[in-house]
Amino acid sequence: MKINFELFKVFYFAGKTLNYSEAAKELYVTQSAISQSIKQLENEMETKLFIRHGKRMKLTPQGEILLVYVNKAYNNLLAGYRNITEYKDVTKGSIRIGASD
């Protein structure tokens, strides 16, 4: 199985906002690109992730389950990124200095 993490990123923002236009703004892509990515993810997973009622959207039960996992993964990636960038910062950490007579 080949996983396209970009599709999960699109799903994260679409699921968080429940609005393809808002997700598109956050990701700096078109609404059409969001729609196509969600459709591709739904096809790969062989399940619907969103229910659309006119302009309103909500997650299907499967979409709600997936969003829990994608949210955890996204937060873990952000935490890892922050940790690495702080690690590079010389103001964090400790210095041990040893001296003798």
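The model is a predicted one, in which local features need pLDDT of at least 70 and side-chain atom pairs count only at pLDDT 80 or more, while totals for chains, interfaces and linings use all residues. Residues are numbered from 1 along each chain as its sequence is written, and side-chain values use heavy atoms, with hydrogens and water left out.

Y69 belongs to helix α4 (residues 61–88); helices are DSSP runs of H or I with at least four residues, strands are runs of E with at least two, and both are numbered from the N terminus. The relative accessible area of Y69 is 55%, so Y69 is exposed (buried, under 20%; exposed, over 50%; partly exposed, in between; 1.4 Å probe, protein chains only).

Y69 also lines the largest pocket, together with F5, F8, K9, Y12, V70, A73, Y74, L77 and L78. The volume of this pocket is about 270 Å³. A pocket is an open set of points on a 1 Å grid over the protein atoms alone, where a 1.4 Å probe fits, with protein on both sides within 12 Å along at least five of seven lines; lining residues have an atom within 4 Å of a point. Helices α1 (5–17) and α4 each contribute at least two lining residues, and α4 gives the most, with six. By class, the lining holds nine nonpolar residues, no polar residues and one charged residue.

Two residues other than glycine have positive phi values: L18, at about 50°, and E46, near 55°. L18 is situated in the loop between α1 and α2 (20–27) and is partly exposed, at 33% relative accessibility. E46 occupies the loop between α3 and β1 (50–53) and is exposed, with a relative accessible area of 73%.

Q40, in helix α3 (residues 31–45), is partly exposed at a relative accessible area of 37%. The C-alpha atoms of Q40 and L7 are separated by 7.9 Å, with the two residues 33 residues apart along the chain.

Note on methods. Grid points are joined across faces, edges and corners, and a volume is the space filled by probe spheres set on the points. Ala, Val, Leu, Ile, Met, Phe, Trp, Tyr, Cys and Pro count as nonpolar, Asp, Glu, Lys and Arg as charged, and the others, Gly among them, as polar.
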